Amino acid sequence: PQAAAALEAAGAVEWAEPNYIFEPDLVPNDPYYASYQAAYLTRIAAPAAWDVTTGLSSIVVAILDTGVNLAHADLAGAAWTNPGELPGNGVDDDANGFIDDVNGWDFAAGDNVLTDDHGHGTHVAGIVAARINNGVGIAGLAGGARIMAVDVFQGGIGAYEDLIRAIIYATDNGARVINMSLGASSYSLGEEMAVNYAAERGVVVVAATGNSGLVERHYPAAHDAVIAVAATTADDGLASYSTRGSWVDVAAPGSSIYSLSASGGYRYSSGTSMATPYVSALAALLLSYNPSLSPAEVRRLIEDGADVLGPLGRDIYFGAGRINAARSLALASPGEEPPPGAGGRPLDVDP
């Protein structure tokens with residue numbers, strides 16, 4: 001820059017600038033990326049975002065769902081491990097009220113067995129954190145972050161009490177992001193208090209808008225403290241099933257999304273459940289880039305970076321627009337401080 005300024009000042013040239021260098025956007029070596037993921041991950045500018053960060057292992061995303069197959073080859077090294085718990089000794093070592101909760105807790109069954117008996121939770125977890133650049137399967141949008149498995153379902157049916165306790169558990173045990181690809185039409189004060197508890201302690205809470213295709217409220221997404229996520233199609237249209245309303249915040253790809261199967265393989269699935277983990281993963285990338293961001297700041301960066309799809313700007317269909325990971329990261333300032341602590345101490349799966 002100094003040399004360029006000197007040349008311009010001397011009048012020897014009309015203009016001068018440094019000969020900057022550039023590199024291609026990261027293309028992960030995960031074998032299914034090009035064939036099954038590139039179309040929609042490129043649309044949300046994932047490759048350019050990955051040049052900034054693929055996610056830090058210190059950022060934990062809690063997957064409140066049907067459990068997660070943590071033994072899946074594409075989740076190797078992705079599981080959150082409770083640092084205060086000694087596995088298999090039958091003792092609540094960290095005195096958090098849960099015995100041997102090494103990787104999370106099953107609130108529906110009341111134990112630490114996190115087996116996914118439905119398949120939904122494993123698919124969601126893969127969208128967030130399937131290991132990136134590991135030469136296996138697919139690439140999660142935040143493939144360097146970790147996941148906390150928190151089961152709130154039995155056979156695809158869940159209860160509000162379990163969900164409320166799960167939100168508090170994830171918050172108290174260090175999650176920076178909570179993903180809830182689930183919901184119902186009934187308002188719950190306890191549920192709202194739980195999501196407020198999480199947000200007040202620095203946790204970004206993200207939930208699906210639901211799959212009714214109607215203009216109606218869907219909880220927990222419709223709570224003010226939650227980022228409510230609608231679903232788009234491959235060509236950026238609104239998915240016909242995506243629930244609408246003035247409370248919708250952003251949209252993300254949700255149709256024919258390829259991710260992990262609980263059986264150990266891979267499969268397609270569609271729904272606002274699939275759109276939601278893309279927003280949770282983007283929140284994890286932003287927190288990896290700047291761990292000191294507050295939930296409100298993460299929300300603002302996601303919304304301000306979104307590609308507006310509605311003709312009138314923000315609307316009841318897409319909210320602020322379809323997420324653009326690279327633009328949101330470009331709007332953020334890199335962090336210099338270590339991450340702050342994330343806290344002290346019937347529902348339908350949206351398919």
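The protein has 9 helices and 13 strands (DSSP runs of H or I over at least four residues for helices, and of E over at least two for strands, numbered from the N terminus). Its radius of gyration is 21 Å, close to the 20 Å that the globule rule gives for 351 residues, so the protein is as compact as a globular protein of that length (taken over C-alpha atoms; the rule is 2.2 Å times the number of residues to the power 0.38). Keep in mind that this is a predicted model, where local features need pLDDT of at least 70, side-chain atom pairs count only at pLDDT 80 or more, and totals for chains, interfaces and linings use all residues. Residues are numbered from 1 along each chain as its sequence is written, and side-chain values use heavy atoms, without hydrogens and water.

Of the 351 residues, 56% count as buried (under 20% relative accessible area, with exposed over 50% and partly exposed in between; 1.4 Å probe, protein chains only).

Let's visit D172, found in helix α5 (residues 160-172). D172 is buried, yet it has no salt bridge, and R201, the nearest side chain of opposite charge, is 5.2 Å away (a salt bridge needs a side-chain nitrogen of Lys or Arg within 4 Å of a carboxyl oxygen of Asp or Glu).

Now for some backbone features. Most residues other than glycine have a negative phi, and most peptide bonds are trans. A45, in the loop between α2 (33-43) and α3 (46-50), has a positive phi near 60° and is buried at 15% relative accessible area. A95 has phi near 55° but counts as exposed at 62%. The bond from Y219 to P220 is cis, with omega near 10°.

Terms used
Lys and Arg count as positive and Asp and Glu as negative; His and the chain ends are not counted.
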